[in-house]
Amino acid sequence: MTNPSESRLFMLHKPKGYVVTRSDEKNRKTVFELLSPWAYDEGWMPVGRLDMDSKGLLLFTQNGQISDYLTEPGSCHKLYEVWVRGHVTQDQAVQMVAGVETSEGLLRAVRVEIKGGAGPKTRLEVELDEGKNRHIRRMFGELKDPKFGTALKVLELKRVAVGPLRLDMESGKWRFLTQDEERNLLDS
């Protein structure tokens with residue numbers, strides 16, 4: 001066994017530019033290039049996804065039941081820091097919680113909090129209880145900047161928490177979860 005504590009989960013701070021897959025037919029960099037070879041060889045799998053342009057907390061496990069539990073809609077909230085090109089209004093934040101109609105159907109957030117901004121950009125905190133493909137990017141893309149009428153665009157997206165587990169390390173680094181972190185995460 002690779003880890004003496006026999007942890008069933010480890011976390012990676014995924015940088016931008018890596019795809020979340022074991023191998024890529026387009027020869028793009030995969031998250032497994034950031035890990036020791038045993039992670040691939042022993043069948044560790046990412047829990048959920050972060051698209052290539054997103055960064056932040058990504059979990060890995062060998063246990064399918066743990067993966068299913070953590071990705072089941074409603075079971076585990078995920079928190080994101082988001083920078084958007086455009087001015088996001090409080091009404092739009094409320095609309096995202098109520099639901100935004102997209103080509104993929106109705107998408108919603110549990111909570112959207114405007115944290116500030118700089119020039120034509122808005123910084124937000126977005127909490128989801130499920131994560132559909134490009135969920136946050138699609139929601140913002142359906143909304144318009146009130147001043148210019150252009151679609152809001154996610155410039156930077158970083159997952160900073162999964163349930164009670166917070167991202168606490170540098171980009172590109174990984175570590176096993178402690179027994180307490182694992183217990184808290186799976187009991188959340």
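The questions and answers below go through a predicted model, from its central strand to its helices and one loop.

Local features need pLDDT of at least 70 and side-chain atom pairs count only at pLDDT 80 or more, while totals for chains, interfaces and linings use all residues. Residues are numbered from 1 along each chain as its sequence is written, and side-chain values use heavy atoms, with hydrogens and water left out.

Q: How many of the seven residues of strand 3 are buried?
A: Strands here are DSSP runs of E, at least two residues long, and helices are runs of H or I, at least four, numbered from the N terminus. Buried means under 20% relative accessible area, exposed over 50%, and partly exposed in between (1.4 Å probe, protein chains only). Strand 3 is largely enclosed by the rest of the structure, because the buried count is six of the seven.

Q: Which strand pairs with strand 3 in the parallel sense?
A: Two strands pair if DSSP finds at least two bridges between them. Strand 1 is antiparallel to strand 3 over five bridges, and Leu 12 has Leu 58 as its bridge partner. Strand 2 also runs antiparallel to strand 3, with three bridges; there Met 45 stands opposite Thr 61. The parallel partner, joined by two bridges, is strand 9.

Q: Which residues touch the most other members of the largest nonpolar core?
A: A nonpolar core is a set of buried Ala, Val, Leu, Ile, Met, Phe, Trp, Tyr and Cys residues joined through side-chain atoms within 4.5 Å. The largest one holds 35 residues. The residues touching the most other members are Phe 60, Val 82, Val 126, Ile 136 and Phe 140.

Q: What kind of aromatic pair do Phe 10 and Trp 38 form?
A: Rings of Phe, Tyr and Trp (its six-membered ring) pair if their centres lie within 6.5 Å; planes under 30 degrees apart are stacked, over 60 edge-to-face, the rest tilted. Phe 10 lies in strand 1 and Trp 38 in helix 1, so the pair ties together parts 28 residues apart in sequence. Phe 10 is buried at 0% relative accessibility, and Trp 38 is buried at 18%. With centres 5.9 Å apart and planes at 75 degrees, the pair is edge-to-face.

Q: Which residues of helix 3 (90–98) are exposed on the face turned away from its buried side?
A: Gln 92, Ala 93 and Met 96 are the buried residues. Strand 7 (111–118) and helix 4 (135–141) are among the elements they pack against. The face turned away carries Asp 91 and Ala 98.

Q: Which side chain is joined to Asp 51 by a polar contact of 3.1 Å?
A: Asp 51 sits in the loop between strand 2 (45–47) and strand 3 (55–61). A polar contact is a pair of N or O atoms within 3.5 Å; within protein, one must be able to donate a hydrogen and the other to accept it, and residues adjacent in sequence count only if both atoms are side-chain atoms. The side chains of Asp 51 and Ser 54 are joined at 2.8 Å. The partner at 3.1 Å is Arg 134.

Methods
Contact = heavy atoms within 4.5 Å.
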